[in-house]
Amino acid sequence: MLKNTLLPVAEFCQRRAHFIGQMPNNSIALIAAGNEVTRSNDTEYPFCQNKQFYYLTGFNEPDAILALVKTDDSAAARSILFSREKDQLQEVWHGRRIGQQRAVTEYKFDDCYSLADIDQQLVALLANKSAVLIAQPTANDFQQRVLNWLAEIRKSARTGVKAPSSLIDCSDLLNEMRLHKSAAELDIIRKVNIISGAAHQRAMQQCQAGKFEYQIEAELLHEFAINGARQAAYGSIVAGGDNANILHYTDNDDVLNDGELLLIDAGGELAGYAADITRTFPINGKFSEPQAAIYQLVLDSQNLAIAATMPGQTFAELNCIVGEFLTRGLYELGILNGDLNELVAQNACKKYFIHGLGHWLGLDVHDVGDYQVNESRQQMRAFAPGMVLTIEPGIYIAKSDTSVDEKWRGIGVRIEDNILITANGYENLTVNAPKTINEIEALMAR
Ligand SMILES: [Mn+2]
């Protein structure tokens with residue numbers, strides 16, 4: 001295992017070899033690590049590695065650059081890392097560095113050089129190559145640095161040296177690789193789902209009217225961190241009552257009111273991989289009748305979508321299934337009025353189900369990978385074994401919505417699970433976060 005990655009180094013070597021196999025002949029790919037970002041004066045935000053760089057290296061230091069150099073033979077290609085030098089004083093103050101030697105022995109790069117040598121080395125490596133590949137997203141100044149290296153080579157044009165003529169964004173190649181998870185990646189995603197599910201359980205058990213949203217957030221973060229998921233994968237949404245109707249609510253500073261629902265959308269990050277789970281439950285432990293009606297409708301729609309998840313299925317089709325089901329359900333509850341067939345044809349539930357049904361999940365919480373969004377913006381990508389995605393229907397009725405009966409107002413419900421596509425169907429990775437009304441009420445009664 002490579003430290004902090006929970007993956008064998010061979011997995012990163014395979015990824016580089018696979019990527020190199022798809023690079024054009026006589027090209028070089030330059031993939032940059034993330035940089036540290038100032039939070040306040042001389043302190044930084046917790047470092048988050050650039051995920052494209054991390055995927056190919058497992059190397060977790062800032063500022064490094066990976067160069068994959070391919071001539072006309074993949075077997076002769078070289079993986080070269082540029083990284084920070086060992087520095088006793090810096091390491092005493094700021095932490096240990098891997099250094100160049102261990103980058104070669106432990107991370108299995110063919111060569112590793114100090115960042116101090118990068119200008120000279122890269123100008124030599126880039127000379128007479130046909131193409132340079134970079135991967136978005138990358139820091140803006142990195143693109144400028146690439147252009148500067150190319151300009152440096154052009155200065156020697158009269159000696160016969162030629163600079164690469166094309167600069168290609170290779171993120172599609174990487175994104176496509178990242179969309180299909182390996183067995184070892186799936187083990188990590190399973191683990192972080194269990195940790196995150198336990199955090200949702202803890203939130204339900206600790207919830208009480210009069211507490212503040214941030215106190216429940218603290219319970220989630222505790223459960224993530226104590227199990228090794230040191231960071232949340234994204235800003236936790238802990239939204240009581242009408243706050244649930246703000247989709248990306250992260251203020252988390254309101255008091256929790258008796259009789260209202262609490263929507264929590266939170267997942268930990270383990271070895272770079274995210275979980276993304278949403279649960280909605282009554283603050284006092286018992287669903288009111290209108291809350292239960294909306295909750296059961298959303299849950300039934302989610303179960304319907306999950307049951308239809310299998311290889312060959314698409315988000316577009318699942319959105320249709322859930323759209324029709326929610327529209328019929330809202331009509332039966334008297335929340336949507338008019339001609340049922342027309343409402344279904346218009347997908348009228350969109351008034352209350354205001355986001356898409358789900359997204360890819362992996363190193364990024366909204367993971368990379370083409371949805372094949374066509375002109376009508378339909379998500380036609382066929383699911384295949386090894387893809388991981390979320391299924392997260394929701395119904396949001398704002399407190400200010402006077403078009404519905406008062407009893408529905410201020411109810412916001414979302415239920416989100418993480419689903420792996422398998423050869424025969426699916427595996428629900430979100431196994432320990434209570435979801436039925438009975439399970440939730442039983443856990444909260446204890
Ligand atoms: Mn999500």
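This is a predicted model: local features need pLDDT of at least 70, side-chain atom pairs count only at pLDDT 80 or more; totals for chains, interfaces and linings use all residues.
Reader: Metal first. Which residues are the protein donors of the manganese ion?
Author: Asp276 (OD), His359 (NE2), Glu392 (OE) and Glu416 (OE).

Reader: What spacing do the donors follow along the chain?
Author: The pattern is D-x82-H-x32-E-x23-E. Aspartate 276 sits in the loop between strand S13 (273–274) and strand S14 (277–282). Glutamate 392 sits in the loop between strand S15 (388–391) and strand S16 (394–397). So this pair ties together parts that are 116 residues apart in sequence.

Reader: Aspartate 276 and glutamate 392: buried or exposed?
Author: Both aspartate 276 and glutamate 392 are buried.

Reader: New topic. Where is arginine 178 found?
Author: In helix H7, which covers residues 171–179.

Reader: Is arginine 178 buried or exposed?
Author: Buried. Its relative accessible area is 2%, and the cut-off for buried is under 20%.

Reader: Which side chain joins arginine 178 in a polar contact?
Author: That of aspartate 367. The side chains of arginine 178 and aspartate 367 make a polar contact of 3.1 Å.

Reader: What else is arginine 178 in contact with, leaving aside neighbours within four places in sequence?
Author: Besides Asp367, the contacts are Lys51, Gln52, Tyr55, Leu363, Asp364 and Val368.

Reader: Last one. Which residues does UniProt list for "domain: Aminopeptidase P N-terminal"?
Author: Residues 7–143, according to an unreviewed UniProt entry.

Reader: How far apart are the end C-alpha atoms of residues 7–143?
Author: They lie 30 Å apart. The span is 35% helix and 23% strand.

Conventions. Residues are numbered from 1 along each chain as its sequence is written. Side-chain values use heavy atoms; hydrogens and water are left out. Helices (H or I, at least four residues) and strands (E, at least two) are DSSP runs, numbered from the N terminus. Buried means under 20% relative accessible area, exposed over 50%, partly exposed in between (1.4 Å probe, protein chains only). A polar contact is a pair of N or O atoms within 3.5 Å; within protein, one must be able to donate a hydrogen and the other to accept it, and residues adjacent in sequence count only if both atoms are side-chain atoms. Contact means heavy atoms within 4.5 Å. Donors are N, O and S atoms within 2.8 Å of the metal (3.2 Å for Na, K and Ca); water is not among the atoms, so sites may look incomplete. UniProt positions are given in the numbering used here, feature names are shortened, and annotations may be inferred rather than shown by experiment.
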